[in-house]
Amino acid sequence: MSPLSSAQALAAAPAAPETRDGPQHLVFRIGDLSAALPLREIREIVRRPDVLDVPLSPPAVEGLINLRGTVTVLLNMQRMLGQPASPAGDGGRVIVLDACARVGLHVDQVTGIVALAHGQVEQADQTDELDLFSGMVPGNGDQPSISVLALERVLRRVSAAVARPASPVGSRTAAAGASAGAHPLPERASETAGGATRMLVSFEADGEEYAVPVSAVDEIIRPQAKMTRMPHPDGHLLGVVTVRGRLVPLFDLRTLLGLRPTRPERGEAGATRIIVLSFGGLRAGLLVDRAREILRVPAGQIDPIPPLFRQDAGEIEAICRLDQGRRLVSILDPDRLFRSEAARRGLAAHSDHPHPDTLPDTLEKGMAYPAAVTESFVIFRLGNAEYGLPSSCVEQVAGVPDQLTPVPKAPDFIEGVINHRGSVLPVIDQRRRFALSAAVPARSRRIVVATMGAARAGILVDAVTGVLKVPAGAIEPAPDLSAEQMALISRVANMGGRMILLLDPGHLLDRHEADQLSTLGGAASAGAALPGQPSDAPP
């Protein structure tokens with residue numbers, strides 16, 4: 001057997017001809033075991049990249065990896081063989097299979113290539129489906145024995161669905177709601193009645209609260225350490241920032257509204273955010289003092305701006321009244337906000353131009369996601385993984401009170417209840433729901449108030465990172481690893497180096513659990529006084 005260096009392993013040709021001795025096999029180690037696969041079954045060998053954990057998947061599934069824009073299932077071969085899992089070392093490699101679906105095998109080390117003639121391999125019992133090896137080449141003292149992996153048994157052990165053909169690339173350009181594995185979202189009665197509610201993203205500038213329609217928000221990001229400031233800027237243009245590989249002009253909301261300008265050091269403060277807007281074919285970044293929350297406001301609580309102020313406040317389209325009128329939020333019209341000639345020049349000169357040095361590796365020159373069809377998601381984090389809920393089902397993002405009221409005999413996944421705007425709201429511990437380890441309470445934790453089918457509840461998450469408008473071409477079906485996983489996580493947003501697991505709100509609870517939630521409010525009200533409403537919190 002010829003030794004194979006790391007560099008050679010990475011460049012190993014997957015299509016190897018059969019030699020006089022027999023077909024060539026790649027030899028690798030899994031713990032103390034030496035195993036082999038025919039080279040014709042292998043597409044490539046790569047170092048182990050960052051891995052996205054997928055909850056509710058089989059134990060042998062390590063997670064998902066992104067290989068040049070393709071979502072690939074990563075199998076941990078130590079777990080597959082029932083060996084004690086060891087930390088991934090520098091020698092670990094991922095063997096990407098040349099199958100109809102993208103699957104990678106995480107092994108400890110690639111050791112070489114060997115030609116195995118049929119007569120050298122002692123065939124294993126073909127009826128034993130629990131055995132993952134089709135045969136073995138005995139050792140000779142100098143060389144250890146080699147077990148030949150039965151690939152079809154490995155794939156069947158994980159899930160019969162893993163071996164199904166992957167969806168063709170062309171299907172990714174279809175509307176995201178029509179993607180394979182996507183479940184239609186239930187329409188809310190208030191929305192089908194002709195726009196009885198409005199969804200807004202709210203934020204602060206100079207102590208005042210403003211909002212824009214969620215449909216105009218691409219995403220909310222932290223200020224970047226490197227921002228290119230423009231010489232002799234027109235109007236209120238601060239400079240340009242790079243967002244997803246494209247240059248976006250950055251404006252200061254304070255100066256756009258004629259308020260005190262933002263001090264330069266405020267851009268480095270922890271609360272400062274950039275609201276990336278998309279409107280009228282243009283994109284712009286809006287520097288705000290603090291992002292607040294996602295609001296779903298009934299039409300009856302939104303009033304047009306009084307005529308007396310209409311001329312001086314042309315950027316403000318309306319004012320919404322919250323908390324019985326104690327909280328007023330000015331709704332901005334993005335198009336009118338940038339109505340000045342100087343602002344328009346800045347938009348036209350810099351908006352939506354690709355930055356050649358920051359284009360994701362997954363995009364070829366001249367290619368881009370279709371911008372006309374997008375879906376908006378509220379993005380939150382559990383551990384190191386990011387998840388997305390459709391913005392249409394999210395009512396609010398709220399802070400976590402110091403104590404949640406426990407409810408006797410509540411389901412295990414219920415952390416407690418809170419008083420949310422005068423009504424009892426059950427709070428689901430999403431970590432417990434996904435069978436993840438318990439998290440240390442942190443200030444970043446948030447409660448996402450959402451509608452899940454016929455139920456309404458708060459979802460306790462580690463952090464909410466913002467609102468993201470995802471192009472339809474970046475959404476694809478999630479690998480089918482288990483029935484429970486597919487019901488909850490049926491799609492993946494593949495944004496170059498960033499993968500987001502998209503949740504189906506209609507399947508976050510089954511029918512029995514939804515019925516339990518509906519009866520929880522009465523039990524909680526009868527049991528104890530509830531703590532006050534949680535404070536509003538920024539995404």
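Biologist: How many bridges join strand 13 to strand 14?
Modeller: This is a predicted model, and in it strand 14 covers residues 208–213. Strand 13 and strand 14 run antiparallel. A205 stands opposite E208 in strand 14. The number of bridges joining the two strands is six.

Biologist: Which residue takes a positive phi in the hairpin of strand 13 and strand 14?
Modeller: The hairpin has two residues between the strands. The phi in question is near 55 degrees. The residue that takes it is D206.

Biologist: Why is strand 13 described as largely enclosed by the rest of the structure?
Modeller: Buried here means under 20% relative accessible area. Strand 13 spans residues 197–205, nine in number, and it counts as largely enclosed because of how many of them are buried: eight.

Biologist: What is the order of the strands in the open sheet of five strands?
Modeller: The pairing in this sheet is mixed. Its edge strands are strand 4 (42–47) and strand 5 (61–67). The twist averages 30 degrees from one strand to the next. The order is 4-7-8-6-5.

Biologist: Which residue in strand 8 does L75 stand opposite?
Modeller: Strand 6 (residues 70–76) and strand 8 (residues 103–107) run parallel and are joined by four bridges. In strand 8, the residue opposite L75 is L105.

Biologist: How many residues are in the largest nonpolar core?
Modeller: Among the members that touch the most other members are F28, L105 and F338. Leaving aside neighbours within four places in sequence, F28 is in contact with residues including L33, V107 and L149. The core holds 97 residues.

Biologist: How many aromatic pairs does a search of the whole structure find, and what kind is the pair of F251 and F338?
Modeller: A pair of aromatic rings is described by the distance of the centres and the angle of the planes. The search finds four pairs. The ring centres of F251 and F338 are 4.9 Å apart and the planes stand at 70 degrees, so this pair is edge-to-face.

Biologist: How many residues apart in sequence are the parts that F251 and F338 tie together?
Modeller: F251 lies in strand 18 (residues 246–252), and F338 lies in the loop between helix 7 (334–337) and helix 8 (341–350). Both F251 and F338 are buried. The pair therefore ties together parts whose separation in sequence is 87 residues.

Biologist: What kind of pair do Y387 and F434 form?
Modeller: Y387 and F434 are both buried. Their ring centres are 5.4 Å apart. The planes are at 35 degrees, so the pair is tilted.

Notes
Residues numbered from 1 in each chain as written. Predicted model: local features only at pLDDT ≥ 70, side-chain atom pairs only at ≥ 80, totals over all residues. Heavy atoms only, no water. Pairing = 2+ DSSP bridges. Axes fitted to C-alpha atoms, helices over the stretch in contact; angles between N-to-C directions. Core = buried A, V, L, I, M, F, W, Y, C linked by side-chain atoms within 4.5 Å. Buried < 20%, exposed > 50% of the residue type's maximum accessible area, 1.4 Å probe, protein only. Contact = heavy atoms within 4.5 Å. Phe/Tyr/Trp six-rings, centres within 6.5 Å; stacked < 30°, edge-to-face > 60°.
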